[in-house]
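I have kept to what can be read from the coordinates, and I begin with a single residue before turning to the wider fold.

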Amino acid sequence: MRMRNKYRKPTTFCCNAGSICSLSAVVWGLVGCVIMLHLYSLIHHQDGVGGEIQMRLNRHPLTRELEEVEEESFQIPPPRGKWSPHAPRNKPRPRPRPATPLIEEFLDKSSQIRHLFFPDQRTAIDPMKEAGNDSLYFYPGRMWFDTNGKPIQAHGGGILYVERLGMYYWYGENKDGPTYHAHKKGAARVDIIGVSCYSSKDLWTWKNEGIVLMGEETNETHDLYKSNVLERPKVVYNDKTGKYVMWMHIDDANYTKASVGIAISDYPTGPFDYLYSKRPHGFDSRDMTIFKDDNGVAYLIYSSEDNSELHIGTLTEDYLDVSQVMSRILVGQHREAPALFKHQGTYYMITSGCSGWAPNVALVHAADSIMGPWETMGNPCIGGNKILRNTTFFAQSTFVVPLPGLPGSFIFMADRWNVAELRDSRYLWLPLMVWGAADQPLEYNYGFPLWSRVSIYWHRRWKLPDGWSGQ
Ligand code: GAL
């Protein structure tokens, strides 16, 4: 008995354990199989990606440079007001302040590290100066001069490429006036001066074409009266009417009008005639952009319902109004500063969070159909350091420029707002790449499409590939 017991117990134990073991073996086996399948498929997918990268590099060997990643580190100064042992004893000790987070330093006009965010004009990009090794190099955040040696004034802007002329036109807010607060709690602002236009063949040397839509000096009832708000102008060309059409955010100083404005011109360099403003589809509309699809259909995308969601709607054929078709997207996600682009049939959009002039983390979204559903993919910012990546490199999206002849390569345009002196806000242009086979979902993706990765690569200094001719 003892013997039997002696052996039975362990046998019984073994037997139970065996069934548990075999059950877990089956479960783990299954899990293993799923993982193996998934890994196989990922590797397979990666091969596809690698293949595509290889193909692209074969076609454009110099795009590799665009994908370089740079790391950055900031030397954060000790908190100001800290008591020094050498300070005279009879003075009251200043209360030590906690170390300010970097965003506060960024917003603080007397920050000791302000030069890191807003380097002075000694380092300006000046295409007319003998640039030597710096010719055609973008330096995100530095001052950028036009061909007259004046800082470019085209904030919240966008680019129109006119193929017929082989010319790029950069439109943006001219903020070359004093920054002030209309109310104690109001956002920092600059009076409306107008929309500037610059032209370039290489995207680096910009000639000032003047103010193509003028602010209104005297008529207080006009939308463009100086104490109102004109932001984020974008221009598209209508092939049917042969007109250049500008859409912009129109508001009053308190941002309660929340409308879009429309202007029209026969020439890319204006002058533009201001037509009217409206609340599209009857909704409030603040940050916005325009996107013209390959088939000539154009869309308005705007933050609405107090910036809690975006609306996207088709424009009428003449681009002078919105049609009835509208779709609510990214509902409840509180996104603004939309910048939309398309690659291999998939639509992508970069947005910012809603924190006024203060920077925040960017997100990229993707959709098979422009009217949605849109899926949020995450933060596209790569390199730099964590704080740079989590603040869109201390900037906010405004536009994404396609680069003809370089499929999958784009320029991400953003504004580094200088809240203390808005006219001195800087431009951040960085390479944006869409990697991999577009929307090739894995067979067992459980219904979730796997979009291509969208990456914005931090560079202190970069340029477009040498062979790239601009068209
Ligand atoms: C931002 C917006 C800018 C401007 C600013 C005013 O959220 O993107 O275009 O409106 O607020 O505070």
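1. Does A258 count as buried or exposed, judged by its C-beta neighbours inside 10 Å? The model is a predicted one, and in it A258 counts as buried, because it has 22 C-beta neighbours inside 10 Å, where 20 or more are needed for that class. The residue is found in the loop between strand 8 (243–251) and strand 9, and its phi is near 40 degrees, a positive value in a residue other than glycine.

2. H281 counts as partly exposed, however, because it has 17 C-beta neighbours inside 10 Å. As background, most residues other than glycine have a negative phi, and most peptide bonds are trans.

3. The peptide bonds deserve a look as well. The bond from G270 to P271 is cis, with omega near 0 degrees, and P271 sits in the loop between strand 9 (259–265) and strand 10 (273–278). The bond from G372 to P373 is also cis, with omega near 5 degrees, and P373 lies in the loop between strand 17 (363–367) and strand 18 (375–378).

4. Turning to the chain as a whole, it has 4 helices and 23 strands. Buried residues make up 36% of its 471 residues. Of the contacts with a separation of 6 or more, 51% are accounted for by residues 24 or more positions apart.

5. The largest nonpolar core has 95 residues, and those with the most contacts inside it are M246, W247, Y299, L300, I301, V400 and F412. Strand 22 (residues 426–435) gives the most to this core, with 7 residues.

6. I290 stands opposite L300 in strand 12, and strand 11 pairs with strand 12 (residues 298–304) in the antiparallel sense over 5 bridges. An open sheet of 4 strands has the order 11-12-13-14, with antiparallel pairing; its edge strands are strand 11 (288–292) and strand 14 (322–329), each of which pairs on one side only. The twist in this sheet averages 25 degrees from one strand to the next.

7. What encloses strand 2 (residues 167–174)? The strand is largely enclosed by the rest of the structure, because 7 of its 8 residues are buried. Strand 2 is joined to strand 1 by 6 bridges, and these two strands run antiparallel; they form a hairpin with 4 residues between them, and G166 in the turn has a positive phi of about 60 degrees. Strand 2 is also joined to strand 5 (residues 194–200), by 7 bridges and again in the antiparallel sense.

8. Q153 is found in the loop between helix 3 (114–117) and strand 1 (155–162). Although it belongs to a loop, Q153 is buried, because 22 other C-beta atoms lie within 10 Å. Its contacts, leaving aside neighbours within four places in sequence, are N174, K175, D176 and S196. The C-alpha atoms of Q153 and Y171, which are 18 residues apart along the chain, are separated by 9.0 Å.

9. Finally, the ligand is surrounded by G156, A187, E231, R232, D287, E336, A337, C354, G356, W357 and Q396. The elements that give two or more residues to this shell are strand 7 (229–238) and strand 15 (335–343). By class, the shell has 4 nonpolar, 3 polar and 4 charged residues.

Methods: Residues numbered from 1 in each chain as written. Predicted model: local features only at pLDDT ≥ 70, side-chain atom pairs only at ≥ 80, totals over all residues. Near = placed C-beta within 6 Å. Nonpolar A, V, L, I, M, F, W, Y, C, P; charged D, E, K, R; others polar. Core = buried A, V, L, I, M, F, W, Y, C linked by C-beta atoms within 7 Å. Buried ≥ 20, exposed ≤ 12 C-beta atoms within 10 Å, placed from the backbone. Pairing = 2+ DSSP bridges. Axes fitted to C-alpha atoms, helices over the stretch in contact; angles between N-to-C directions. Contact = placed C-beta atoms within 7 Å.
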